Amino acid sequence: MDDKFTYGLADNLMDSMAVRRILSLKLAGQCTSADFWNSADEDYFFYCKLNMIGDDEDFRLLPLAEYLTAIPCGEEGYDAFERYVREQYGISAAQWRYDIFVRAAGKYIDGYTPAQLGRIKKFFENRNLPEYDCLNADEIAAGIFRLRHKVEASLPENRGYAAFSGMWYDIFDDLSDELPQKKRVSAKELLALAPDPAPLSAEQLGFVISVKERIEKLL
């Protein structure tokens, strides 16, 4: 099927200077998107291999697409960004993320088929599903990454990746065992596994909104 990602698409993206610049931006605390992406790639690989779902290239490309276009500050941050781009630009956060992915890929976007691009667009749209199929590699990727972002938002201010991993892996270890047995999991149930972060300050909300300009100026 032509929607299957082929070998090298993730590597091609990493050849893009725009991609590397975006991944260097701070996402939470003192961490960059690249800090989180590297471990998300490993976690997703582990989950999919454990449950015999997905394909080898999915394990690299979907986490990269996620963190290349990540919106900081968890659920509250995503909701604030969604309101902002809808009110100011008439698009959804998912559409903005897809557009950024295409622009960041640059000349390498020609390596994707229309079906592959449609799959990536759907992956961004899956973020807000009310429930996720635990044995569908694309759906559960969106759910797992959504939960990761909530944990990232719970990081103490100016703490590094070690603080995140200490919180995250206690959750992920249980998640890897429990989700396949459930078959489907609601977004509410999934997000309940992580602590609720403190409400965002005005400064943090400004940081969320600034993501659009900070990413786009690097393209």
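Two cavities of 30 Å³ or more are present in the structure. A cavity is a set of points on a 1 Å grid over the protein atoms alone, where a 1.4 Å probe fits but cannot get out. Grid points are joined across faces, edges and corners, and a volume is the space filled by probe spheres set on the points. The model is predicted: local features need pLDDT of at least 70, side-chain atom pairs count only at pLDDT 80 or more, and totals for chains, interfaces and linings use all residues. Residues are numbered from 1 along each chain as its sequence is written, and side-chain values use heavy atoms, with hydrogens and water left out.

The largest cavity has a volume of about 80 Å³. Its lining, made of residues with an atom within 4 Å of a point, includes Ile-22, Leu-25, Tyr-67, Val-211 and Arg-214. Two or more lining residues come from each of β1 (26–28), α4 (58–68) and α11 (202–216). Helices (H or I, at least four residues) and strands (E, at least two) are DSSP runs, numbered from the N terminus. The top contributor is α11, with three residues. Eight lining residues are nonpolar, two polar and two charged. Here Ala, Val, Leu, Ile, Met, Phe, Trp, Tyr, Cys and Pro count as nonpolar, Asp, Glu, Lys and Arg as charged, and the others, Gly among them, as polar.

The second largest cavity has a volume of about 50 Å³. Glu-66, Ala-70, Ile-71, Gly-74, Tyr-78, Arg-97, Arg-127 and His-149 form its lining. By class, three of these are nonpolar, two polar and three charged.

Helix α8 covers residues 137–153. Its 17 residues should span 24 Å at 1.5 Å a residue, and the end C-alpha atoms, 24 Å apart, agree with this. The expected span is 1.5 Å times one less than the number of residues. Of the 17 residues, 16 are buried, so α8 is largely enclosed by the rest of the structure. Buried means under 20% relative accessible area, with a 1.4 Å probe and protein chains only. At the start of α8, a side-chain oxygen of Asn-136 comes to within 3.1 Å of the backbone nitrogen of Asp-138.

The disulfide count is zero, a disulfide being a pair of cysteine sulfur atoms within 2.5 Å. The sulfur of Cys-48 lies 12 Å from its closest cysteine sulfur, in Cys-134, too far for a bond. Cys-48 is buried, at 0% relative accessible area. For Cys-73, the closest cysteine sulfur is in Cys-31, 13 Å away, again too far for a bond. Cys-73 also counts as buried, at 16% relative accessibility.

Terms used
Buried means under 20% relative accessible area, exposed over 50%, partly exposed in between (1.4 Å probe, protein chains only). A polar contact is a pair of N or O atoms within 3.5 Å; within protein, one must be able to donate a hydrogen and the other to accept it, and residues adjacent in sequence count only if both atoms are side-chain atoms. On a 1 Å grid over the protein atoms alone, a cavity is a set of points where a 1.4 Å probe fits but cannot get out, and a pocket is an open set with protein on both sides within 12 Å along at least five of seven lines; lining residues have an atom within 4 Å of a point.
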